[in-house]
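I opened this model to look up its strand pairings and its aromatic contacts. My entries follow in the order in which I made them.

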Amino acid sequence: QVQLVESGGGLVQAGGSLRLSCAASGRTFSTYGMGWFRQAPGKEREFVAGISWIGSSTYYADSVKGRFTISRDNAKNTLYLQMTSLKPEDTAVYYCAARSRPFTTIVKLTTRSEYGYWGQGTQVTVST
């Protein structure tokens with residue numbers, strides 16, 4: 001079991017930066033692949049970034065590639081999403097998620113149904 005709590009969201013002007021954090025409970029955090037998803041009003045929840053359980057492999061949605069960076073600190077049981085050059089279209093609730101099973105490969109890292117644990121979300125609003 002993994003419990004996840006996001007923080008770091010807020011209101012920022014276009015071009016600005018934010019860093020989201022996701023604190024995980026339990027001693028098994030380091031064995032789970034992790035991801036960030038987001039959901040804008042009226043839209044489906046979409047994949048943003050993912051990282052393997054070891055932390056050696058990362059993957060990004062095309063819309064955020066080059067602007068966002070996902071990372072993890074297994075010693076602190078924490079997942080991060082560094083967001084730079086933010087755009088109004090990045091406005092959404094951002095969710096941290098853990099894969100349903102430990103020690104999974106990066107295959108299907110972008111697939112929402114592969115994630116069995118979710119945080120409550122944190123709002124990110126980018127103004128023009």
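**Strands around β5**

I started at the hairpin of β4 and β5, which has 6 residues between its strands and where Gly42 takes a positive phi near 75°. Strands here are DSSP runs of E with at least two residues, numbered from the N terminus. The model is predicted, so I kept in mind that local features need pLDDT of at least 70, side-chain atom pairs count only at pLDDT 80 or more, and totals for chains, interfaces and linings use all residues. Residues are numbered from 1 along each chain as its sequence is written, and side-chain values use heavy atoms, with hydrogens and water left out.

How many bridges join β4 to β5? I found 5, with the two strands running antiparallel; strands pair if DSSP finds at least two bridges between them. Gly35 has Gly50 in β5 as its bridge partner.

I then followed β5 to β6, an antiparallel pair joined by 3 bridges. Ala49 stands opposite Tyr60 in β6. This hairpin has 6 residues between its strands, and Gly55 in the turn has a positive phi of about 95°.

Next I checked burial (buried is under 20% relative accessible area, exposed over 50%, partly exposed in between, with a 1.4 Å probe and protein chains only). In β5, 5 of the 6 residues are buried, so the strand is largely enclosed by the rest of the structure.

**Aromatic pairs**

I looked up ring pairs next and noted 7 aromatic pairs in the structure. Rings of Phe, Tyr and Trp (its six-membered ring) pair if their centres lie within 6.5 Å; planes under 30 degrees apart are stacked, over 60 edge-to-face, and the rest tilted.

Tyr32 and Tyr117 have ring centres 6.0 Å apart and planes at 90°, so I logged the pair as edge-to-face. Tyr32 is in the loop between β3 (18–24) and β4 (34–39) and Tyr117 in strand β10 (residues 115–118), so the pair ties together parts 85 residues apart in sequence. Tyr32 is buried at 6% relative accessibility, and Tyr117 is buried at 17%.

Trp53 and Phe103 also pair edge-to-face, at 4.9 Å centre to centre and 90° between the planes. Trp53 lies in the loop between β5 (46–51) and β6 (58–60), and Phe103 in the loop between β9 (92–99) and β10, so this pair ties together parts 50 residues apart in sequence. Is Trp53 buried or partly exposed? Trp53 counts as partly exposed, at 26%.

I also noted one aromatic cluster formed by Phe37, Phe47, Tyr59, Tyr115 and Trp118.

**Charges over rings**

Last, I looked for charges over rings (NZ of Lys or CZ of Arg within 6 Å of the ring centre and within 35 degrees of the ring normal). The charged end of Arg99 sits over the ring of Tyr115, 5.7 Å from its centre. Arg45 lies over the face of Tyr95, at 3.6 Å from the ring centre.

Conventions:
Helix = DSSP H or I, 4+ residues; strand = E, 2+ residues; numbered from the N terminus.
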